[in-house]
Each structure stands twice: as C-alpha cells, then as structure tokens.
Amino acid sequence: MACSPQLALQNSYLSYYDVCLTVEDVKSLKNDWLTDNNIAFWEEYLERETLSRYPQAHIVLLRPSMTFLLMKEPDARLVRSALPDFNKTTHIFLPINDNVSPEKPDAGSHWSLLLVSVLDGVAFHYDSMNGVNYPEAHFATRKLSEMLGRPIKFVHLEDCPQQANGNDCGVFVCLLMRHLLVKRLLNANAREKVSMSMGGKMVDAHGGRKEMLRIIESLRKEGERRRSRSASPYPNKTPPRIE
C-alpha cells in the first residue's frame with residue numbers, strides 16, 4: 001500500500017502494506033518513545049511474517065488506533081463496525097495507551113500490553129512501569145467485554161519485566177507481544193494450559209530497537225530493489241546480447 005500524499009509530505013520512510021512509517025517514526029524508534037505507527041508496523045510485520053504461517057490460528061493484533069477507538073468512542077455501533085469480526089477469534093492483543101484526549105491521538109505518555117484470551121474469558125495485563133496503565137487496561141477490558149458480549153476477567157500480572165528508563169515502554173510492548181505470540185500461543189499444544197506469566201523473562205530493549213531498525217532497513221532496501229527491477233526495460237528477462 002502506498003503512502004498517502006499527506007504522509008509523503010511528512011517524509012515517508014517505508015510503506016509496508018497498511019502502514020506508512022515516516023522519518024520521525026524511525027527517529028523515535030532509535031532512542032525515544034515509540035509512536036502509534038511504530039507499534040502498528042510491528043503488528044503488521046508479525047501478521048505478515050509470522051501469523052501467515054499459521055492459517056489455523058485465529059489471533060488478532062489490534063492496532064493502536066482501533067484500541068483507542070474502542071476506549072474513547074461512545075457509539076458502540078460505530079466501534080463494532082470498525083473492529084474486526086471476533087466470531088472465530090481465540091486471542092486478541094491490544095496495545096494500551098494512557099492518552100485521555102480523543103482530539104490528540106499521540107498525546108499519551110505510556111504503553112502497556114493487554115492479551116485477551118477469548119477462549120478462557122481472561123485479559124492479562126503487562127505493564128513495564130509498575131502498573132501505571134492499570135486503569136486504562138481495566139477499562140479497555142470492560143469495553144471489549146461489551147463488544148464480545150461475554151464477561152472477561154481482568155488480571156494484572158505483577159511479574160511483568162520492568163523498564164529501566166522512561167521511554168522503553170513501547171519496545172517492551174512489541175517484544176512481549178512477539179514472545180507471547182510465538183513462544184506461548186503458536187507453539188502450544190491445543191490441549192495444554194499455557195502460562196501467561198512473565199516471571200524471569202528478560203527484555204533487551206536496546207537490542208529490540210536495533211532489531212526493529214534492521215528489519216525496517218531490510219524492507220526498505222527490498223522495496224528499492226523491486227522498484228529498480230520494475231523500472232528496467234527488461235523486467236522479466238535478461239537484456240538481449242549483441243554480436
């Protein structure tokens with residue numbers, strides 16, 4: 001999907017399916033607080049590169065914008081029409097932000113992660129800053145419960161790894177999301193109970209930032225190669241030889 005003209009004016013850096021990263025997004029990823037776009041890109045990447053290999057899985061990675069809509073829009077019909085169809089969904093990942101202003105999508109200051117097991121009716125909250133987002137995550141659980149039409153128990157996990165500074169919360173969300181998706185849900189036996197505890201789990205935020213930047217650069221270079229090939233006068237075969 002190509003970046004919109006508006007995003008193009010904002011120094012677009014990478015167009016990856018439904019996400020357009022700007023230069024500002026990439027700068028934030030290097031050493032600052034992650035933007036909505038950073039997290040949306042990571043979810044898109046996990047869907048395309050990981051979830052696509054498990055067609056039997058019915059797991060939804062809800063984008064930050066959709067979580068924000070769920071929490072802030074009072075019209076339940078509008079929210080329901082915008083959200084995915086959860087009829088067959090087993091688990092939902094929701095990035096939670098403490099933004100209180102519907103008029104300013106990027107006005108929040110902290111990210112945490114909510115993993116909802118629709119199968120078990122339980123929402124697990126992972127907060128890397130001592131439960132700062134507890135009220136927001138609890139509220140998101142209640143709103144999602146209304147959308148699903150069934151009760152969901154809220155569980156705040158005290159053993160979530162804790163960040164060592166004030167700007168790594170979004171990186172923690174991304175890395176914990178991948179760990180829970182790949183190591184806990186996708187590799188689990190259908191008959192076994194999977195522990196959602198994060199006790200003893202170490203999160204390398206600095207390494208996570210570097211890895212995400214490497215992925216973005218790799219995708220950007222691949223896009224440039226594809227554009228170069230499509231611009232060639234001989235896109236499907238080698239140039240003719242002249243004797």
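**View 1. The whole protein and its surface.** The accessible surface of the protein comes to about 13500 Å², and carbon and sulfur atoms account for 51% of that. What you're looking at is a predicted model. Of the 243 residues, 47% are buried. As for contacts between residues at least 6 apart in sequence, 62% of them join residues at least 24 apart.

**View 2. Thr-67 up close.** Thr-67 is part of helix 4. With a relative accessible area of 1%, Thr-67 counts as buried, because the cut-off is under 20%. Leaving aside residues up to four places away in sequence, Thr-67 touches Leu-62, Leu-94, Pro-95 and Ile-96.

View 3. Searching the whole structure turns up one cavity of 30 Å³ or more, and the largest cavity has a volume of about 80 Å³. Twelve residues line this largest cavity, with Pro-64, Phe-68, Pro-95, Asn-97 and Trp-111 nearest its centre. Helix 4 and strand 4 are the elements that give two or more residues to the lining. Helix 4 gives the most, with five residues. By type, the lining splits into seven nonpolar, three polar and two charged residues.

Terms used:
Residues are numbered from 1 along each chain as its sequence is written. This is a predicted model: local features need pLDDT of at least 70, side-chain atom pairs count only at pLDDT 80 or more; totals for chains, interfaces and linings use all residues. Side-chain values use heavy atoms; hydrogens and water are left out. Buried means under 20% relative accessible area, exposed over 50%, partly exposed in between (1.4 Å probe, protein chains only). Contact means heavy atoms within 4.5 Å. Accessible areas come from the Shrake-Rupley method with a 1.4 Å probe; for residues, only the protein chains shown count as cover. Helices (H or I, at least four residues) and strands (E, at least two) are DSSP runs, numbered from the N terminus. On a 1 Å grid over the protein atoms alone, a cavity is a set of points where a 1.4 Å probe fits but cannot get out, and a pocket is an open set with protein on both sides within 12 Å along at least five of seven lines; lining residues have an atom within 4 Å of a point. Grid points are joined across faces, edges and corners, and a volume is the space filled by probe spheres set on the points. Ala, Val, Leu, Ile, Met, Phe, Trp, Tyr, Cys and Pro count as nonpolar, Asp, Glu, Lys and Arg as charged, and the others, Gly among them, as polar.
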